[in-house]
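Biologist: Hi! Could you show me the model and walk me through the ring pairs, then the sheet?
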Amino acid sequence: MIGRFFGWGSGESPAALPAEHGPLGVALGGGIEIDTLSLQAMTAGAQPAMPLPAGGVMLVAAYGEARLDPQTVLSRYYADDNTMLQVLSTSAAPGDELLDVSLYQPWDSVVPAGAADWARWRGPSGLIGQPRYDADGIVFERFWGDGAGRADLVEFVETVNDGQSRREIHQSCMLYARPLGQAREMLLINIERDLGTGASQGASIEFILGYGLMAADVRRL
């Protein structure tokens, strides 16, 4: 009787444990506790572009991973509402040191009408990549790229697993930021292209707001 609870003595193999993903070692469907108290303290009195993330328990619906360079792996934990916890580490192995932690949430989305509209956004003189981006009076300075001219978008392929399928998503993006109290509000402008569909360009341009957290602000439940 007791043996059956532990999978031995019955001739049956014990159930496989769910795979742990990324440096936080979280399985799909698992939870991450996110503490935003320090973020709220650092931004007290400031006016964010949208309400700050509330924190609490985030249930992981999907996990994405991409190697950015030989020393850096990008890990992304996604919730059903498209909130994204982004972590940088050296290997993305469970328990790996968290080099950078940030919490993003969707802000806006634009669907270009055609080739000319796409060129206006991401062409050689396009809006994405310019030294600053004016979002209806909220001005963000470019965080990636040097020089006074337009910078090329950062591109990488992210492998995303939602438990049902694994997709290869080509990302073209640029990061902007502005001071927000003692913290920084980041604007990630992102174009996603699912390599499995054969599409030559993304379906939309996503505007995602993010805020840096400390490694101690996140933990696996």
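Biologist: How many aromatic pairs turn up in the whole structure?
Modeller: A search of this predicted model finds six aromatic pairs.
Biologist: What about Trp121 with Phe207?
Modeller: That aromatic pair is edge-to-face, with 65° between the planes and 5.8 Å from centre to centre. Phe207 is in strand E12 (residues 205-213) and Trp121 in helix H3, so the pair ties together parts 86 residues apart in sequence. Phe207 is buried too, at a relative accessible area of 3%.
Biologist: Which residues make up the cluster linked by ring pairs?
Modeller: Trp121, Tyr133, Tyr176 and Phe207.
Biologist: Nice. Switching topic: in what order do the strands of the open sheet run?
Modeller: The three strands go E2-E1-E13, with antiparallel pairing. Strand E2 (56-59) and strand E13 (218-220) are the edges, each pairing on one side only. Neighbouring strands are turned by 30° against each other on average, direction ignored.
Biologist: How many bridges join E1 and E13?
Modeller: Three, in the antiparallel sense, with E1 covering residues 31-34.
Biologist: Which residue in E13 stands opposite Glu33?
Modeller: That would be Arg219.

Key. Residues numbered from 1 in each chain as written. Predicted model: local features only at pLDDT ≥ 70, side-chain atom pairs only at ≥ 80, totals over all residues. Heavy atoms only, no water. Pairing = 2+ DSSP bridges. Helix = DSSP H or I, 4+ residues; strand = E, 2+ residues; numbered from the N terminus. Axes fitted to C-alpha atoms, helices over the stretch in contact; angles between N-to-C directions. Phe/Tyr/Trp six-rings, centres within 6.5 Å; stacked < 30°, edge-to-face > 60°. Buried < 20%, exposed > 50% of the residue type's maximum accessible area, 1.4 Å probe, protein only.
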